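The following dialogue shows how the features of a protein model may be read, one at a time. Please consult the sequence and the structure as you follow each turn.

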Amino acid sequence: EVEELVAFVVGMLPIEDGNRFVRPWKVYELSELFIEMTGINPFERKRDELFLTMQSNGFRGIDERDTWNDLFFKLFIQEVEPKIPQETPYFIRDWPLAVSTMAKRKDASRVERFELYISGLEIANGYSELLDITEQEQRFERDNAERKASGKQTFSIDGEFLAALSMLHGTFSGVSIGVDRFIMALLGKERIEDVLINRNRQ
């Protein structure tokens with residue numbers, strides 16, 4: 001459906017290189033990307049092991065205070081993301097459970113979540129909704145514990161949200177799209193300001 005939406009918009013806009021949006025697009029499995037680009041699979045390592053592995057491989061910019069999430073994103077942003085071919089749009093699927101609080105679990109360490117990238121920009125983020133209220137509450141508590149340990153602000157658990165979640169049955173999913181970034185990528189603009197409407201410019 002996301003591919004169909006992009007194809008529809010491409011057909012409505014004066015895009016110079018529309019051929020790069022010809023489908024189907026590449027779908028990458030995230031753990032395989034890590035292995036291919038870095039030789040490290042963070043999904044198989046706990047925080048301390050991941051830190052020592054990155055340290056022994058000469059990875060710079062990590063700190064003893066970094067959480068697993070911090071290490072994951074540093075490795076992804078610096079060593080994986082820049083090496084993915086940018087000629088055509090692509091999806092990355094199966095993200096870590098640790099960074100996807102509200103997504104349905106796929107296995108012990110991954111969730112049913114994908115992101116769409118165009119020209120290296122994250123355009124869309126979608127996932128299957130977690131409907132198990134017990135697991136959802138446990139994830140909120142885990143996130144708060146990690147935030148507290150890192151000296152960050154914690155948040156009260158939304159009981160009304162959990163109550164509403166308990167009334168849902170079946171399978172639900174959703175996708176959020178950054179419209180401004182989407183249009184910027186389609187038109188080949190370098191700055192998001194170039195596609196914003198009614199913006200005061202000097």
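Q: In what order do the elements of the protein run from the N terminus on?

A: Helices (H or I, at least four residues) and strands (E, at least two) are DSSP runs, numbered from the N terminus. Here the order is α-β-α-α-α-β-β-β-α-α-β-α, which comes to seven helices and five strands. The model is predicted: local features need pLDDT of at least 70 and side-chain atom pairs count only at pLDDT 80 or more, while totals for chains, interfaces and linings use all residues. Residues are numbered from 1 along each chain as its sequence is written, and side-chain values use heavy atoms, with hydrogens and water left out.

Q: What box do the C-alpha atoms of the protein fill, and what percentage of its residues is buried?

A: Taken along the principal axes, the box is roughly 50 × 50 × 40 Å. A residue is called buried under 20% relative accessible area, exposed over 50%, and partly exposed in between (1.4 Å probe, protein chains only). By this criterion, 37% of the 202 residues in the protein are buried.

Q: Which residues of the largest nonpolar core touch the most other members?

A: In soluble globular proteins, nonpolar side chains tend to be buried together. A nonpolar core is a set of buried Ala, Val, Leu, Ile, Met, Phe, Trp, Tyr and Cys residues joined through side-chain atoms within 4.5 Å. The largest such core here has 24 residues, of which Leu30, Leu33, Phe34, Met54, Phe76, Ile84 and Ile92 touch the most other members. Helix 2 (30-38), helix 3 (47-56), helix 4 and strand 2 (90-93) each supply at least two residues of this core. Helix 4 provides the largest share, six residues. A second, separate core has 15 residues, including Val9, Val10, Leu116 and Phe182.

Q: With which residues is phenylalanine 76 in contact, leaving aside its neighbours within four places in sequence?

A: Contact means heavy atoms within 4.5 Å. With those neighbours left aside, phenylalanine 76 is in contact with Leu30, Phe34, Glu81, Pro82, Ile92, Trp95 and Tyr117. For the protein as a whole, among contacts between residues at least 6 apart in sequence, 56% join residues at least 24 apart.

Q: Where is aspartate 94 placed, and is aspartate 94 buried or exposed?

A: Aspartate 94 lies in the loop between strand 2 and strand 3. This residue counts as buried because its relative accessible area is 5%. Its C-alpha atom is separated by 6.2 Å from that of glutamate 29, although the two are 65 residues apart along the chain. Beyond its neighbours within four places in sequence, aspartate 94 is in contact with Glu29, Leu30, Phe43, Lys106, Arg110, Val111 and Arg113.

Q: How many bridges join strand 3 to strand 4?

A: Two strands pair if DSSP finds at least two bridges between them. Strand 3 and strand 4 run antiparallel and are joined by six bridges. Tyrosine 117 stands opposite glutamate 122 in strand 4. The two strands form a hairpin with two residues between them, and serine 119 in the turn has a positive phi of about 55°. Strand 4 also pairs with strand 5 in the antiparallel sense, over five bridges; there, asparagine 125 has serine 176 in strand 5 as its bridge partner.

Q: Against which elements do the buried residues of helix 7 pack?

A: The buried residues of helix 7 (residues 179-187) are Phe182, Met184, Ala185 and Leu186. They pack against helix 1 (2-12), strand 3 (113-118), strand 4 (121-128) and strand 5 (173-177). Just after helix 7, glycine 188 takes a positive phi of about 70°.

Q: Which helix gives the most to the lining of the largest pocket?

A: On a 1 Å grid over the protein atoms alone, a pocket is an open set of points where a 1.4 Å probe fits, with protein on both sides within 12 Å along at least five of seven lines; lining residues have an atom within 4 Å of a point. Grid points are joined across faces, edges and corners, and a volume is the space filled by probe spheres set on the points. The largest pocket holds about 360 Å³ of space. Of its 18 lining residues, Thr101, Asp143, Asn144, Glu146 and Arg147 are the closest to its centre. Helix 5 gives the most to this lining, with five residues.
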